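Biologist: I would like to learn how to read a structure, feature by feature. Please give the general idea each time and then the case at hand.

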Amino acid sequence: MSPSSSSPARFRLAPHELWRGIRSTARSDVLGGGLLLTATLAALILANSPAAPWYEAVRDFRFGIPEWHLELSVGAWAADGLLAVFFFVVGLELKEEFVAGRLRDPRRAALPIAAAVGGVIVPALFFVAINATSGAEVLRGWAIPTATDIAFAIAVLAVVGRFLPPALRVFLLTLAIIDDLIAITIIATFYTETISFPWLILALLPLAGFALAVQNGIRSWWILLPLALAVWAFVHASGVHATVAGVLLGFMVPVRPTARARVRTGTDTDGAPVYDGLAAHFADRWGIVATLVAVPVFAFFAAGVEIGGVDGLVSALTDPITIGIVVGLVLGKPVGVLLTTFLLSRVPALRLDETLRWPDLAGMSLLAGIGFTVSLLVGELAYGSSSVADDHVKIGVLVGSLVAAVLGGFVLAARSRRARAEVGPLPGS
């Protein structure tokens, strides 16, 4: 209900303006990357301090419902449960891009899509080549260096690339979104050992109910949330990684506004109401949860690795698993992205945006080597949580992502300074 007419206008507007400011800040690329970095550093400090037993006790504490196969550790709840929220937002963004965004036009989207594919294949080949003689168990980690962390990569670009062409951010976003789609497919295909089809079929019932509800414009949490939780629980029980449930739910939400499924966002110049689809509405709401809670909490429990001093670090950095991950992220990613983009840009129908330059793309392709979130998840699925191999995976992902961020940030910062010099001093500076 609206406030009474006797209330001062400034008090009527203040809560709305405050919430809009909070939402805008929470969706900031820099804030998302900053929270990830803070959670990661906190995990590393705790895991290598006298507080390590407390950190491990919290991470490994188990709770849930055993009868439903849902008695998990806190770390597993973060990886299987909270990350499902992140992948729900990814599913919403993917559908938006395919239906009404950058991926709707195949010719426009072809280059970043192909670059994403190349950026998956080449790092995987690098990892396999380095670990070719290490045995089948080690080769299970081939997909670890194939992922790009959207939050970190876009955050670095936002900090260092203020004067770079906007098309560069669009290219990186498209590449990272397709990268996530490939990662989801890899997790569902290669890291699912046994599938219980009765549970999977059972998951279709609440999924259909969720789809029917959102197609009819229902937004009530007390209807949608139980359906979503049922889908997640049944997918988890089936043996398929539960984050896939988040993507499936995101794909069910309509993108374009309809007479039933729409959200009023304002009015146009003629005073007519303007509506948005439910996908944008849910992405706006749940994107904040993913940024402020889901991904940082996952990072906090996933990145805490006990390094073991200098000897432990040397042991990890000389492990072929770690080397394969670092080389895959730092070298394989940019080689795959740049080589694929260069080859396909020779095709007349697939031209690069005229504002993009190859040094800009080189810096962006280095940022694509920031793996982190999905890379850590794949490492756990490949080698098991808290194993020696998984600890080395964490060190490899952290080192590789840090080197990729520094190199990419250095190149793009230099390009941004040059672009600013060409534009000249800003007004009022």
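This is a predicted model: local features need pLDDT of at least 70, side-chain atom pairs count only at pLDDT 80 or more; totals for chains, interfaces and linings use all residues.

Biologist: What is the angle of the kink in helix H12, and where is it centred?

Modeller: Helices are DSSP runs of H or I with at least four residues, strands are runs of E with at least two, and both are numbered from the N terminus. The bend at a residue is the angle between axes fitted to the seven residues ending there and the seven starting there. In helix H12, residues 278-302, the kink is about 45 degrees and is centred on Ala290.

Biologist: How many residues of H12 are buried?

Modeller: Buried means under 20% relative accessible area, exposed means over 50%, and partly exposed is in between, with a 1.4 Å probe and protein chains only. By that rule 19 of the 25 residues of H12 are buried, and the helix is mostly covered.

Biologist: How do I read the packing of two helices?

Modeller: Two packed helices are described by the angle between their axes and the distance between the axes. Axes are lines fitted to C-alpha atoms, for helices over the stretch in contact, and angles run from 0 to 180 degrees between N-to-C directions. Helix H5 (residues 106-130) packs with helix H14 (residues 320-345) at about 145 degrees, and their axes are 6 Å apart. The contact of H5 with H14 involves 18 nonpolar residues, nine polar and one charged. In this count Ala, Val, Leu, Ile, Met, Phe, Trp, Tyr, Cys and Pro are nonpolar, Asp, Glu, Lys and Arg are charged, and the others, Gly among them, are polar.

Biologist: Which residues does Ala115 touch?

Modeller: Contact means heavy atoms within 4.5 Å. Ala115 is found in helix H5 and counts as buried because its relative accessibility is 0%. Leaving out residues up to four places away in sequence, Ala115 touches Phe171, Leu175, Gly336, Val337, Thr340 and Thr341. Ala115 and Leu338 are 223 residues apart in sequence, yet 7.1 Å apart in space, C-alpha to C-alpha.

Biologist: Which residues touch the most other members of the largest nonpolar core?

Modeller: A nonpolar core is a set of buried Ala, Val, Leu, Ile, Met, Phe, Trp, Tyr and Cys residues joined through side-chain atoms within 4.5 Å. The largest one has 107 residues, and Phe87 and Tyr383 touch the most other members. Helix H8 (residues 166-190) gives this core its largest share, 14 residues. Beyond four places in sequence, the residues that Tyr383 touches include Phe127, Ile144, Ile321 and Val393, and also Glu137, Arg140 and Asp390.

Biologist: What do the buried residues of H11 pack against?

Modeller: Helix H11 (residues 243-252) is mostly covered, with seven of its ten residues buried. The buried residues of H11 pack against helix H4 (74-100), H8, helix H9 (197-215) and helix H10 (221-238). Thr243 is in H11 and is buried because its relative accessibility is 2%. Among the residues that Thr243 touches are Ala79, Leu83 and Phe87. Leu248 also lies in H11, but it is partly exposed because its relative accessibility is 32%.

Biologist: Where are Glu97 and Asp360?

Modeller: Glu97 lies in helix H4 and counts as buried because its relative accessibility is 12%. Among its contacts are Arg102 and Arg104. Asp360 is in helix H15 and is buried because its relative accessible area is 2%. Arg415 is one of the residues in contact with Asp360.

Biologist: What is the phi of Phe372?

Modeller: Most residues other than glycine have a negative phi. Phe372 has a positive phi, near 55 degrees. Phe372 is found in the loop between helix H15 (358-367) and helix H16 (373-383), and it is buried, with a relative accessible area of 2%.

Note on methods
Residues are numbered from 1 along each chain as its sequence is written. Side-chain values use heavy atoms; hydrogens and water are left out.
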